Amino acid sequence: YYFPEDFGLLGSILTLAGIITVILSLKYELAIVLTEKREETHSVVGLSLLIMIGLFIIIGGIMITKPSLLKYMGINNISTLIVFMLLLITLGLGIQNILYQWHTKFENYKTMSKNRVIQKISIVFLQLVIVLLFSNHFGLIWGFTIGLLLSLLILILPLKHEIASFKINKQDLIQSSKKYFRFPLYTAPQNLLNAISQGLPVLLLGSFFDLKTVGFYFFAVRILQLPSSVIGGSIRQVFYKRASDLRTNIPQLFIEFKKTTFGLFCLIIIPVMIVFMFGPELFSFCFGSEWEKAGEMAKWMMLWIGIMFVNPPSNAVLLVLNKNNNQLVLDVLLVSLRALALYVGGSTGDIIYTIKLFSVVGLFFNLILITISYNYLRYGNSIWR
């Protein structure tokens, strides 16, 4: 019902929204899990919301008054509708990030899992209904936007008592902003670089190829990241809370880290092997012969997406032990080499060669991230020992 070009446009919008969302609350929401008292929790939630609203107003104003800037970010089909949807998706993702951390604080993992599953189902259902009833190829964007916003109710309703008793004051906000300064100083830039490095193909492939190629890439990424977004996302939240509880007990945290990382590796290794060996055939069989090119890309992309499925414990360890600066340095190198890989590959005009280079860089750096976390837990400050 939808064409690769439709997925290319959706991919450009979601990539840009994801990049903006990363810095929307300066990552203060990650500190919610680390708070010790209810008043402090409310303070950090309030701080995250206030920063998010302020930056959203600024960014929204820029997009509305200067929509032509979106052309430099990979979105060529600019219209009032596109800008409106982009802003709604950005706001929805920003609110969702804060609510996820709030639920993690109370270990409401069932609620978050329910949200992820219902969100995926409702988005796909709405995208199908819109294209079938209205033959509207903006249905991919409409369906995602409406499904995302409706699914937020699943996260908001269980917190109604917390929201009703929500109280913050200026002094607490200032104190929380100072106490958790490492998140905006290190984690926000690190996450921004990470989001940019992952979104680079969508933003840059259009410069070397066409929107159809971008659509093939984005479609393959969405399919391959389904396990990560549903299963991996839930495990990420659970382990982050567990790691925050064990941050003063390094030996036990090391045991949990090894167990969880190895478990994730065992879960993903067989899917990685299957996609690597039969990617084009699988995509052609499941989605039609016109999507075989996406399967060829998926064959190589599965290497770094698979290792990304394994690394949530590594990210959590560096966060809770205040080693954000290690991640920041690593991501500066990662985004630089990924951009170089896309430029070198794109210059050849060979999309598969470009994806190979990009995937190998991602695989290599994710392995380094896991190694750093492992060595830090085992050897302490001598992470390179």
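I took helices as DSSP runs of H or I with at least four residues, and strands as runs of E with at least two, numbered from the N terminus. The model is predicted, so to speak of local features I need pLDDT of at least 70, and side-chain atom pairs count only at pLDDT 80 or more, while totals for chains, interfaces and linings use all residues. Residues are numbered from 1 along each chain as its sequence is written, and side-chain values use heavy atoms, with hydrogens and water left out.

**Met 52.** I found Met 52 in helix H2 (residues 38–65). Is Met 52 buried or exposed? Met 52 counts as buried because its relative accessibility is 2% (buried is under 20%, exposed over 50%, partly exposed in between, with a 1.4 Å probe and protein chains only). I then listed its contacts (heavy atoms within 4.5 Å): beyond neighbours within four places in sequence, Met 52 touches Leu 24, Ser 25, Leu 91, Gly 94, Ile 95 and Ile 98. Lys 27 is 25 residues from Met 52 in sequence, with 9.6 Å between their C-alpha atoms.

**H1 and H3.** Next I checked which residues of H1 meet H3. From H1, they include Leu 9, Ile 13 and Ala 17; on the H3 side, Ile 82, Leu 86 and Gly 94 are among them.

**H4.** Buried residues in H4 include Tyr 109, Arg 116 and Val 131. After H4 comes Ser 135, with a positive phi near 50 degrees.
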